[in-house]
Number of protein chains: 4
Amino acid sequence: MEKRKPKRSLKMSVFDAVQTPAERRIEALSDGVFAVGMTLLVLDIKLPTMPNEISSHEFIHAIFALWPHFGVFVLSFVILARAWEVHHYIFDYLVRYDHTLVYLNMLYLMAVALLPFSTSLVGTHSNFEISAAIYAANFLALSGITLLIWNYATRDRRLVRGDIQPELIAWLKKRLVLSTVINCAAILIALISPPLCILLLLIYQLSMVIIPFLRKNSSVAE
Amino acid sequence: MEKRKPKRSLKMSVFDAVQTPAERRIEALSDGVFAVGMTLLVLDIKLPTMPNEISSHEFIHAIFALWPHFGVFVLSFVILARAWEVHHYIFDYLVRYDHTLVYLNMLYLMAVALLPFSTSLVGTHSNFEISAAIYAANFLALSGITLLIWNYATRDRRLVRGDIQPELIAWLKKRLVLSTVINCAAILIALISPPLCILLLLIYQLSMVIIPFLRKNSSVAE
Amino acid sequence: MEKRKPKRSLKMSVFDAVQTPAERRIEALSDGVFAVGMTLLVLDIKLPTMPNEISSHEFIHAIFALWPHFGVFVLSFVILARAWEVHHYIFDYLVRYDHTLVYLNMLYLMAVALLPFSTSLVGTHSNFEISAAIYAANFLALSGITLLIWNYATRDRRLVRGDIQPELIAWLKKRLVLSTVINCAAILIALISPPLCILLLLIYQLSMVIIPFLRKNSSVAE
Amino acid sequence: MEKRKPKRSLKMSVFDAVQTPAERRIEALSDGVFAVGMTLLVLDIKLPTMPNEISSHEFIHAIFALWPHFGVFVLSFVILARAWEVHHYIFDYLVRYDHTLVYLNMLYLMAVALLPFSTSLVGTHSNFEISAAIYAANFLALSGITLLIWNYATRDRRLVRGDIQPELIAWLKKRLVLSTVINCAAILIALISPPLCILLLLIYQLSMVIIPFLRKNSSVAE
């Protein structure tokens, strides 16, 4: 983003900086759903009710037994962080919106709102194929609907700024297609080995966060 | 909205774009309640505590047994999405507000906040007439209070922009009356057949989302 | 507010309308806590786990048994609505803030965040004096801290606009003192009769919402 | 802040007051996570299910037995209040952001989102060393990541305003280092005496809130 920012600030005007209330409210609703979603994830990390006379050793054991919940908390937080970044990137380029965009965004927020459910499912029942498959399907919904939104908004520059470069449109689309393909593959892998599915999702998400640091190139990644 | 937007942008000025903090805060509170409401809906979709030695087949069965919860999650999300869109549409036309509007809006937010309760009720006890009736009554509260807000705000253009067309006022009012009548009917139908009531609400809500797409006409629908 | 608005809009400028990010964020945090608080109240209204073979009559009975929870939900929602309105009214007059104001506001938000706890307590255990007393104490915290904030901000016009009328400062202070006294009285009454305490709080809060309508005078009330 | 405000308002312009949507959304997401985090803390303060025929004396006893939960609620609220204040202070100086800052901030929000978990842990199992150590580690994560953000943003004034005084950069860094060291010490003390650890955290946090009042100096403290 740093690369893009200075450019934009050159032609910055009050009208660039100030959004209409309409655009602001779609973003406010979305940010609210992201924030609540991120915070509700933690409700799944909790100790079972334990007898009072538990020993210190048993207690530490119970804490460590929470690691699958903690692991998927981190993974779900990372996907929400990346989803937020891309959402924010796309909405930065939007200058208009219409009925279709509002409802594509609502569909997207539904996928965000479902993440605490699928996270809890895979955290509690990580041994079942169906849990991992539902979790991966939730990731697929996020990347797939983002792809729909980007395609819809950029076709004939319907809803985006006229001065957006074609390379940028193509670049983000390619990234979103890659994410969608990987999330599809993760569903199939879940049916063979749930842990492998989670591992694949974790490696892909973390690498998408880390690669920009290695490149010393601060562009948004999906 | 697309139809309306270009028009407005012609006469756009800093004063059109920038809201006073007062208006912004009513919208911020409302968006917050919508966002938390949408996200809390998911807390109702959860597996019952299950024995550890459950078979994969039993687990899949338990997942599928969640479908009524998932179904009403989707329906409640759609009504909140549509309620948000109409709320946002109305507040876009407001240029003033007063004590009455603030408290009509609070009554409205109370109906939004109650939706996770009525959704959970009908998801868990869908076989009881009273559950479906309470759920439909919650929908009725949403459309009825919106109608009150719109009537109050537009009477003698009390709180809305002076340049709002009378056709637009009448059009939204007609839509809100229709929603209110259908939600009343749904309560009565609930007392005869709960599933029929849910089906009616689902068909009506989805059709109000889908019809604008068919018309290739992106106006807001209620 | 309507009375005040037109006046202000006459001398409205970009600097009146646009807040600094700093002021906006205190309000955003506060609105978030209000919105989440309002929505969490509903988590307390839920049916106990019921046997599957329950009759329709027993189910309706269980629904009606929720009325104390529903009653305090409404009362708590009304106090939060009024608290939000006054908070918003006060912050509209603020032009500066300092360390003291930030932490008085944090103390206030703590009282808002505790309301779902005290509401749940009185909804579940309405027969105990201590429940009603804690609930009334939470109301007292809200009105008392608001009074502190108003006194602190208006002393020598420390943090408020220079053109604020002394009558307005005195009027809101008088209202807040009245609320604080009534909430103190409610704590004492709770120790004698919990239902009487709840009734007093309900009558006072509702009358403060309704009186402005009767007067056809849309000023903010506390 | 009061000291700083008047200065800034002298050189205030539309561009100072109006943030770009991008900066606003990072703050909006952060404020949302803070607001939800603060409010979720209360979910941990609840009475156990009690028999119906409980005596008034037993009920009062059960209320008082909640004091550890209430105590850590207050402590966690105070740390979130202070964390919000410092976050807000830092973001006030930011004029740019990049991929690294976005993800450092996400890591920070993860620590905020985890606080309701660690608070619940230490509230329920305050007698175990590991609980207090995890709680102190959460405090350490908050101060440590804030230090990373401040160092990253201010190195060569990468992301902050050019006119920021070197003394201010050094002053906040010193404070953050102190917090980080104390939180490290708290983890070690937790392994010896959990109550002493909580007491240390409480004294430090409260003193950081109270000292500015004593000094009649309204600067931000960490």
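The structure is a predicted model. Asp156(C) belongs to the loop that joins helix H7 (129–154) to H8 of chain C. Most residues other than glycine have a negative phi.

## The corresponding loop region in chain D

In chain D, a positive phi of about 50 degrees is found at Arg157(D), which is likewise not a glycine. Arg157(D) sits in the loop between helix H7 (129–154) and helix H8 (166–192) of chain D. Arg157(D) has 15 other C-beta atoms within 10 Å and is therefore classed as partly exposed.

## Helix H8 of chain C and its packing

H8(C) comprises 27 residues and spans 40 Å from its first C-alpha to its last, which is close to the 39 Å expected at 1.5 Å a residue. Its buried residues are Leu172(C), Arg175(C), Leu176(C), Ser179(C), Thr180(C), Ile182(C), Asn183(C), Ala186(C), Ile189(C) and Ala190(C). These buried residues of H8(C) pack against H7 and H9 of chain C.

Two packed helices are described by the angle between their axes and the distance between the axes. For helix H8 (residues 166–192) and helix H9 (residues 194–214) of chain C, the axes come within 7 Å and cross at roughly 160 degrees. H8(C) is therefore roughly antiparallel to H9(C), since angles over 145 degrees count as such. On the H8(C) side the contact is made by Ile182(C), Ala186(C), Ile189(C) and Ala190(C), and on the H9(C) side by Pro194(C), Leu196(C), Cys197(C), Leu200(C), Leu201(C) and Tyr204(C). By class, the residues of this contact are ten nonpolar, with no polar and no charged.

## The fold of chain A

Chain A contains nine helices and zero strands. Read from the N terminus, its elements follow the order α-α-α-α-α-α-α-α-α. Of the 222 residues of chain A, 49% count as buried. Among the contacts in chain A between residues at least 6 apart in sequence, 81% join residues at least 24 apart.

Helix H5 (residues 67–93) of chain A has 27 residues, and the distance from its first C-alpha to its last is 39 Å, close to the 39 Å expected at 1.5 Å a residue. Of the 27 residues of H5(A), 19 are buried, so this helix is largely enclosed by the rest of the structure.

## The contact between chains D and A

Chain D contributes 31 residues to its contact with chain A, and chain A contributes 34 residues. On the side of chain D that touches chain A, the elements giving two or more residues are helix H3 (21–40) and helix H6 (99–124) of chain D. H6(D) supplies the largest share of that side, twelve residues. The residues on this side of chain D divide into 21 nonpolar, seven polar and three charged.

## The contact between chains A and B

The contact of chain A with chain B takes 31 residues from chain A and 34 residues from chain B. Helix H3 (21–40) and helix H6 (99–124) of chain A each give at least two residues to the side of chain A that touches chain B. The largest share of that side, twelve residues, is provided by H6(A). By class, the residues on this side of chain A are 21 nonpolar, seven polar and three charged.

Chain A can be superposed on chain B with an RMSD of 0.0 Å by a turn of 90 degrees and a shift of 0.0 Å along the axis. Here too the copies use different surfaces, and 16% of the contact residues of chain A recur in chain B.

How values were computed: Residues are numbered from 1 along each chain as its sequence is written. Chains are lettered from A and ligands numbered from 1 in the order in which they are written. This is a predicted model: local features need pLDDT of at least 70, side-chain atom pairs count only at pLDDT 80 or more; totals for chains, interfaces and linings use all residues. Two residues are in contact if their C-beta atoms, placed from the backbone, lie within 7 Å. Helices (H or I, at least four residues) and strands (E, at least two) are DSSP runs, numbered from the N terminus. Ala, Val, Leu, Ile, Met, Phe, Trp, Tyr, Cys and Pro count as nonpolar, Asp, Glu, Lys and Arg as charged, and the others, Gly among them, as polar. Axes are lines fitted to C-alpha atoms, for helices over the stretch in contact, and angles run from 0 to 180 degrees between N-to-C directions. Angles under 35 degrees count as roughly parallel, over 145 as roughly antiparallel, 65 to 115 as roughly perpendicular and the rest as oblique. A residue is buried if 20 or more other C-beta atoms lie within 10 Å of its own, exposed if 12 or fewer, and partly exposed in between; C-beta atoms are placed from the backbone. The expected span of a helix is 1.5 Å times one less than its number of residues. Copies are superposed by least squares on the C-alpha atoms of residues with pLDDT of at least 70 in both.
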